[in-house]
Amino acid sequence: METNITNKGTATLTVDGKSYELPIYGGTIGPDTIDVRALYKQTGMFTFDPGYTSTASTESQITFIDGDKGQLLYRGYPIEQLAEKSTFLETAYLLINGELPTHEQSIEFTNTITNHTMLHEQIERFFQGFRRDAHPMAMLCGTVGALSAFYHDSLNIEDNSQRDISIHRLIAKMPTIAARAYKYSIGQPHVFPDNSLSYSENFLNMCFSVPAEKYEINPIIADAMDKIFILHADHEQNASTSTVRLAGSSGANPYACIASGVACLWGPSHGGANEACLNMLKEIGTVDRIPEFVARAKDRNDPFRLMGFGHRVYKNYDPRAKVMQETTHAVLGELGIKDSPVLDIAMELEKIALNDPYFIDKKLYPNVDFYSGIVLSALGFPTSMFTVLFAMSRTVGWISQWNEMLEDSSQRIGRPRQLYTGAGLRDYTPMDKR
Ligand code: CMC
């Protein structure tokens with residue numbers, strides 16, 4: 001990766017009367033950064049930033065978020081335009097390669113992905129080892145990591161062509177693993193990929209078709225599925241992406257790195273929020289109970305939070321939530337779902353929260369997960385599959401960021417430091433003196 005960093009002068013840091021000059025760097029858009037890499041060497045001090053709220057961990061040219069404007073760009077293109085005009089595979093090509101594909105490149109990329117959709121037959125036996133009631137995220141995490149045991153021919157991360165094969169395999173095989181995990185959890189026979197179908201059609205087919213009956217793919221539903229995948233494809237240096245980069249910084253193989261991303265995404269503060277949000281809407285149950293839950297969310301002594309609200313970076317409406325809201329209405333309309341209690345509660349909750357001083361002052365707006373649970377549930381997915389779908393789409397972002405990191409000559413193993421406040425040096429106490 002060629003650096004695009006521009007020098008913008010220096011910042012002066014004064015410690016105990018001594019001054020240090022720290023370089024300031026600018027990017028294309030977004031805040032400038034102060035380079036503190038030499039700080040420890042020069043001052044013997046670390047920076048303290050738990051949760052990395054003020055730390056740029058890397059230079060990146062893939063995704064940009066302007067949290068105040070509520071803007072999300074993939075390689076410069078607004079998410080709204082990609083959701084409306086692009087396809088998931090075209091967006092994947094864009095994220096990985098930096099430019100939209102030409103017609104020929106698009107055909108070649110689609111063919112390559114399509115030709116990698118099948119899983120090694122022995123992975124079937126691997127699946128049989130899971131308990132029937134295993135959470136599909138547990139199966140996804142384990143199986144993605146296990147791919148490194150099946151595809152030894154693409155593990156050399158120093159070799160560009162092997163890296164490419166791993167990237168294609170991961171994008172192609174994630175839907176097959178995700179659908180396999182789903183079928184396994186409901187006790188249905190697994191459905192092989194059908195390479196005559198588009199990426200999203202194939203995924204729907206693998207999830208919802210059964211040998212006994214023909215499954216008709218509704219183009220509006222397939223289009224909604226594709227949009228959902230596009231919306232979740234990347235989101236700059238979020239927790240799971242940073243996890244993938246950190247795992248990859250040690251030279252770990254790509255399948256292991258993606259498994260680490262899946263594990264991190266699982267948490268309810270991250271990818272697990274759509275599952276948590278739908279559960280919350282069901283728990284609220286009726287519109288008249290909303291004030292009770294809003295009051296709980298505002299109560300400092302109550303750990304309850306309104307799921308699907310708030311974001312570390314967006315201090316405005318999450319642009320993905322807007323597209324997701326439209327997609328939700330399109331899907332419910334197509335499926336003829338006129339009465340949706342959870343949608344009614346969601347719409348009312350959104351209205352109340354957006355007018356409540358607590359949420360206004362803290363800039364807590366609906367995020368992508370607020371609507372995604374409703375739409376995924378209408379599409380027929382159980383809540384346990386929501387985060388799996390998120391992981392499938394985000395694999396494209398994770399692997400693009402992993403690849404970018406490996407092409408970055410300034411890349412080093414990630415190794416944060418700490419402010420130690422534990423016990424000082426002391427001698428071992430024998431058992432009878434404790
Ligand atoms: N409901 C009520 N209060 C909230 C909420 C919420 N959903 N989110 C934040 N707050 C309050 C929080 O209590 C704090 O108040 P105070 O300043 O009085 O202590 C203030 O807003 C700032 O919150 P924070 O926890 O410091 O913010 P953060 O940037 O660390 O957390 C977040 C961001 C997404 C984890 C958080 O907003 C949250 O837990 N939201 C609910 C879970 C959710 O929807 N997550 C999905 C995120 S989008 C998909 C993804 O990227 O994975």
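This is a predicted model: local features need pLDDT of at least 70, side-chain atom pairs count only at pLDDT 80 or more; totals for chains, interfaces and linings use all residues.

The side chain of Glu 348 forms a salt bridge with that of Lys 351, with an N to O distance of 3.4 Å.

Both residues belong to helix α15, which spans residues 341–354. Their positions are three residues apart, so about one helical turn separates Glu 348 from Lys 351.

## Asp 32 and Lys 8

A salt bridge also joins the side chains of Asp 32 and Lys 8, at 3.2 Å from N to O. Asp 32 sits in the loop between β2 (18–26) and β3 (33–34), while Lys 8 is part of strand β1 (residues 6–15). The pair therefore ties together parts that are 24 residues apart in sequence.

Each partner counts as partly exposed: Asp 32 has 38% relative accessibility, and Lys 8 has 46%.

## Asp 133 and Arg 131

The side chains of Asp 133 and Arg 131 meet in a salt bridge with an N to O distance of 2.8 Å. Asp 133 and Arg 131 are both exposed.

## Total count

The count of salt bridges comes to 14, with a pair included when a side-chain nitrogen of Lys or Arg is within 4 Å of a carboxyl oxygen of Asp or Glu. Among them are the pairs Glu 348 and Lys 351, Asp 32 and Lys 8, and Asp 133 and Arg 131.

How values were computed:
Residues are numbered from 1 along each chain as its sequence is written. Side-chain values use heavy atoms; hydrogens and water are left out. Helices (H or I, at least four residues) and strands (E, at least two) are DSSP runs, numbered from the N terminus. Buried means under 20% relative accessible area, exposed over 50%, partly exposed in between (1.4 Å probe, protein chains only).
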